[in-house]
Amino acid sequence: KFDIVLGEVDIVSALEGGDGPASGRGGGGGGRSSNAAGAERIVKSPYSTIKFGKKSYVECATFLPDGSGLVTGSSDGFIEIWDPDTRYTDLRQDLPYQKAD
């Protein structure tokens, strides 16, 4: 069961700890671009955490293509859109079904 932690990621450090030439572990044929998809990205400067209830947890999350929110789906069946203007700490209030909550 996980909460969502949002923040800045130091992708260079993640890549250097990966399986590429910088790690000395080989991996063959790969530079930074081949490691970017598989590298573990750890938030170095968290600015927001989305917490779910005691009996629910996040099942999926994705950013809207236009940047107008973060959509989460949780184990209790709720789909919510989080407001980027509040750094994802509040739900968007321009959606009637979320405003009622």
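Two strands count as paired if DSSP finds at least two bridges between them, and strands themselves are DSSP runs of E with at least two residues, while helices are runs of H or I with at least four, all numbered from the N terminus. With that in hand, hello everyone, and let's look at this one together.

A word on the source: this is a predicted model, where local features need pLDDT of at least 70, side-chain atom pairs count only at pLDDT 80 or more, and totals for chains, interfaces and linings use all residues. Residues are numbered from 1 along each chain as its sequence is written, and side-chain values use heavy atoms, with hydrogens and water left out.

The overall layout, then. The protein chain has 3 helices and 5 strands, and along the sequence they read β-α-α-β-β-β-β-α.

Now to the sheet. Three strands form an open, antiparallel sheet in the order S3-S4-S5. At the edges sit S3 (58-63) and S5 (79-82), each pairing on one side only. From one strand to the next the twist averages 20°, using axes fitted to C-alpha atoms and angles that run from 0 to 180 degrees between N-to-C directions. S4, residues 70-74, pairs with S5 over 4 bridges, in the antiparallel sense. Here you can find Leu70 opposite Trp82 of S5.

Finally, the chain as a whole. Of its 101 residues, 29% are buried, meaning under 20% relative accessible area with a 1.4 Å probe, protein chains only. Take the contacts (heavy atoms within 4.5 Å) between residues at least 6 apart in sequence: 39% of these join residues at least 24 apart. Thanks, everyone!

Key
Buried < 20%, exposed > 50% of the residue type's maximum accessible area, 1.4 Å probe, protein only.
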